[in-house]
Amino acid sequence: MKYTFVFNPDLCSSCSSCVIGCMDQNDFDPESGDLPFRKTFQNEIELADGSHYSAYISAACMHCVDAPCIDACPVGCLSKDPETGFTVYDNTNCIGCKSCAMACPFGAPRYRKSDGKMVKCDGCNERVKAGLKPACVKACSFGALQCVPEEEFLAEGSAKACNVLIDQLGLRRK
Amino acid sequence: MTDLEKKIVAKIPGEDTGIEVKRSLCAICSPGHHCGVDCYVKDGEIIRVEGTEEHPYNHGKLCTKGSALRNYVYRKDRLKTPMLRVGERGEGKFKEISWDEAYQIIAEKLGKVKETYGANSVAFLSGYCKWYRPILHRFCHVFGSVNFGTDDCTCSASKVIADKVTAGCGAGPDMAHANTFLGWNYEGYYSSHLSVAGVQKLKARGGKVIIIDIRETPASKNYADLFLHINPGTDGALALGMGKLIIDNGWADMEYVEKYTYGFEQYKALCDAYPLSKVSEITGLKEEEIYEAAKLYATNGPACTNYSASALVHHINGFNAHRAIVCLSALTGNFDRAGGNVPNPPTYLHKPAGFKTREHEFRSNRYPGTARRIGAEKFPLWEAQFDETQSMELLNQLETGRPYPIKAIFALGMNAKMYPETDHLLKAMSENLDFFCLTDMFDTMTAKYADLVLPACSSVERGELKAYQGGYLTFTKPVIKPLYESRSDVDILCDLARIMDLDDELLKSGYEKCCDWMIEGCGLTVADLKKSDLPVKVPIAKWPAVPGKILENGFKTKTGKFEFYSTAIADIDPSFGLDPLPVYYDSLRDQNDPETKENYPFYLCTGARLAHAVHSRTHEVPWLRSLRPDPTCEVNGEDADRLGLKDGDTVELYSPVGAIRVKCQLTWKIKPGTILMLHGYDEANVNNLIPRNHLDPYSGYPGFKGMRCNIRKVERK
Amino acid sequence: MNKYAIVGFGCAGYHAAEKIRSRDQEAVIDVYSDTDIGPYNPMLTTYFVKGSLPYEGMFPFGSLEECEKKLNLHIKKECPVTAVDGENRMICCADGTKEQYDRILLSTGASALKPPIPGLSLPGVFTMRTAEDAVRLKERIASGKLKTALVIGASWVGIKVVEDFVEAKVATTLVDGAPWMFYVAAFEETARRAKEDLEKKGVRVSLCQMLDHIEANADGTLTAFMKSGDTFTADTIGVCIGVRTNTGFLKDSGIAMNRGILVNSRMQTNLPGIYAAGDCVEAKDIQSGQPKNIGVWYNAGRQGEVAGENMAGGFMEFDANILVNLAHYLDYDFICVGDVSACGPEDEYYEYEDEKLYIKACKNGQKIKCINMIGSADANGVVKNIFIKTIETPEAEIDVKSVCYLLTNGFPEAFISFLRRK
């Protein structure tokens, strides 16, 4: 079964539980200077009228259906898991050229200084295959971040998809 | 990688991977929560933590802090062995000693102070975690001291007392049946993650949400139909103004008022002094906003209110502000009614579970009563209503030795950073104590001042009794062995009871026996509870709480009614100037002389919650710290422009009693003139800015969230 | 049954074959390759030299045989195509054979440019494009005999060759004919920073140096004589002055060409049934609206896919052709998005620098023209995407998430305002 990450910014508070869940799953060490695969953003963005929009966002790899990073990788590290549909990778041959980061509109791939290789969110591929939720989704208490079977997602319409989280500034104000 | 290797890396539990899921609870935050956790354990080590889906309290959900439980448990600054001070107090020089040696030293030192100065000169103090408090409380009394004190003296007890002297008890919002939710200071995302689903459900069925806060929050953005961005410290005036609107417009439930309340006429007269225009001016809210909020709250059917544990009562006018807000609930006939606020008394350690335990008797039936507790002389209402010290007076009593000297502190989890003028307190402790023993999980700032330090273990390394909403009780089992030589707090206390040969067979018989004593009659024993990995439904528990019982049987006040005019306060010596009505006064009234006003023009609000922090407990958890690496104050963007401050600048925050250096973050979520600063940082302890006498006279609570300060840019050298 | 020919089997050719096969199980697919090795990535050569990749790593799709088997192809090894009869969709090979097809894809790629300058064929003078080039240089470096190296051309390949030498502790000089490094992509200020960084890392950099000729010396070293009169002597000389599309064989084919084969957004040439993709084409650059040869791996793959899909009866368009350059070498990141040559004195410029980041960008009114960034690493794709969006829908605002991402990753608000074109 293929899965889609669904993020609803109207339920999010940037509490970062998802980030911590990701850190726990991936044994994140802040002292390494690396960044976790999932990040939250909490910014106040000035609008044309001088007021500020408060953004609360959680983001990681969107696992795009047509993932540009896969084509961009010159050594073929990246691929789609045929079962889950997640964009997974084997960085054995990674040369750290950052082409994937250049291709990704979301800033998902990260260059890991310690070994000069690229790493990214793999959707907790093994967990999902084992019937568990991705660590970030499991950690979200508010229903803001979900991982749903593709059919269910398509049936509900794509309005809330991660990769259509292209909120135009100013249009989302309540 | 083989498939099995992949599974091991991905921490998939199973026989093949050798990863076992063991259950416990997270005790990082207040025991009002404490969510069930699944610990993934491999080779005796926790490798991952997540919320327990089957847990009746949290249903698999964990907050930001709880999600970092593994990182918290394995913090590098865990205390490893008992340690005896070898350097000066505060220097942090210790030598390792054995548990036996440690116990002997404690017995000897406490015994000596008792002999020389009397048992009351030993204070038994507790900070977080709170789970062992019944044991420590009894221990204190059996030792012979009246002075048991906890951080309740600055936490939520002020609210508890305000509830008690007004309605006889507190009452929680009945979200499931309300049409309107008045979220006064409500930000569940940050401090009560499980409450958010209730708000979502209420919204989904067409309910209305009013949020009143000094900052825009995710909750106000995502859920508020009406958001009242109020001037800090003016909530009491708003509540009285809303009261006036409700009365004047005929929105009050006069039948309820007449039948169930006391002192309405005096209350009405008080409200009359708060016409809309005046309230608008004080609160900074538009008259229409106030009107709309009052109308929606009073006329849209059942309305419940969020009563924040400490956001309000951390103003020196906060006790009354809370009372004024609670009064709205009675005025509109929502107290003890479905969809309003329904009383639900705690069963064990702040948790309501629909049945009674003998916790209070266990704590207090050996109360020696040989003296008045610390703070009693200054805060008579506190003393009359709460059976602990008001430790805001500890500093003065240490310094002056009056009314009697405090010469030893035996503390568990004591955190001096939670006291105003922290540095002065630590200095006074250094200079005046004969003995200071501290048990803690971590090598804290306070631990450096101790003569003897004992290592405690975490919640996942011990077993503990815990009640849960829904009528549940559990006794957890350790998921890993205690790290290093750490021990469970209660085992330390019961060991000491034996070694000191205290006159109490119960304590000497150990923690589990004490628990059995407290829960006797509920139909279950500790042995029964230990058979299950999950909380067990208690046979006698009645859940959910049914509204209307108090209306039927009478309020637990002297008049048997809801008291707009509090008879309990009226009983206090009038020379203390406590008003039986919930009067409003300025939250900076002790700092409003022209000079102070000019030199400290900003309103400092400390400790406004963020999702990743609770007091100082998570600042040293690397994952959580990485979310906000630097101690940071939040400054309104317009103020920042005026002062030439930019995001990331280093600034100094200062008050008449102290100064700290922090990073500055610009925000438009707070009003100009306000500065927010999270407390609990060693290197930037904002409580050093709070003067010891900036206190609410009703409760003795410090004005943590309302205090004058100033800010200046620190030029980089 | 449809008959397809793929001429040239690199990234574009492979992707096209894959697409065709996924749509058409029955099709006959003939692949013409002038080598006997699998599709490889020219960009990987210097990484192989450096040792960050095994030899096989340069062939992300496997060997020719593996590709043949996986996609059920007929691969004609070492079979250079000498001409194409465009009208008849006929392919002519060096051995005289001719074959007609329903659809033809031209994906012959590009070669290292070797102008007719005396001395370029001397032993020790090398270019860097093919797997063979890489093997040869790796062996020479491994021999330990190289003490000094000269690299001619501060291009994307040149800089990676410099990196190979620096990592092998070979004293290296980089020369370029232009007044500053990365001349086709960098603003002068950006290039100056890159140069200073290189010099700090021990590389000698000399600019405005046009090569006149190269001579071999008696001691086995080589000397490059520049038009300026300067000379540079080194054990080896790399010539990395650019690439040329492999399109010579199409001279009389009737296929419209500029410097590369001209294609529309479906990768069709002017002749029906004939498609082209990859480094040998000029597709429409969305920034200028003009055809441009932008030879990067990503474009080749996408163009191959688009061509394959369309050849097999589907409909797909390639629309992401913009000038993007990424140089990552010696712990240094430089990217250029957009066309620096389109920027002039009448435009508005933004410049920013802190300890980690350098930005220089240019716009005119609502139109962003070019962005240079040093040290922006993980955020490059976000900025590139914003740039593309501003071209596609000039009236639209930047999405909230990208703004948050940039703010949180230390990009100044003024830069974001610049991108938002307020």
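A crossing of two helices is called right-handed if the near helix is turned clockwise from the far one by less than a right angle, and left-handed if it is turned anticlockwise. Keep that in mind for the first close-up, and remember that everything here comes from a predicted model.

**View 1. Helices α4(B) and α20(B) cross in a right-handed way.** Here α4 (residues 99–117) and α20 (residues 489–499), both of chain B, pack at an angle of about 60 degrees, and their axes are 10 Å apart. Angles from 65 to 115 degrees would count as roughly perpendicular and those under 35 as roughly parallel, so α4(B) is oblique to α20(B). Who's doing the touching? On the α4(B) side, look for B:Tyr103, B:Ile106 and B:Ala107; from α20(B) come B:Asp495, B:Leu496 and B:Ile499. Sort these contact residues by class and you get five nonpolar, one charged and no polar.

View 2. Just past the end of α13(B), check out B:Gly284, which takes a positive phi of about 75 degrees.

**View 3. Chain A meets chain B.** In this contact, 24 residues of chain A touch 31 residues of chain B. On the chain A side, the elements giving two or more residues are α1 (17–25), β3 (52–59), α4 (125–129) and α5 (135–139). Which of them gives the most? That's α1(A), with six residues. By class, chain A's side has 10 nonpolar, eight polar and six charged residues.

**View 4. Chain C meets chain A.** Now the contact takes 36 residues from chain C and 31 from chain A. On the chain C side, at least two residues each come from α7 (297–311), β22 (324–329), α8 (380–392) and α9 (400–408). The top contributor to this side of chain C is α9(C), with seven residues. Split by class, chain C's side has 21 nonpolar, nine polar and six charged residues.

Terms used:
Residues are numbered from 1 along each chain as its sequence is written. Chains are lettered from A and ligands numbered from 1 in the order in which they are written. This is a predicted model: local features need pLDDT of at least 70, side-chain atom pairs count only at pLDDT 80 or more; totals for chains, interfaces and linings use all residues. Axes are lines fitted to C-alpha atoms, for helices over the stretch in contact, and angles run from 0 to 180 degrees between N-to-C directions. Helices (H or I, at least four residues) and strands (E, at least two) are DSSP runs, numbered from the N terminus. Angles under 35 degrees count as roughly parallel, over 145 as roughly antiparallel, 65 to 115 as roughly perpendicular and the rest as oblique. Two residues are in contact if their C-beta atoms, placed from the backbone, lie within 7 Å. Ala, Val, Leu, Ile, Met, Phe, Trp, Tyr, Cys and Pro count as nonpolar, Asp, Glu, Lys and Arg as charged, and the others, Gly among them, as polar.
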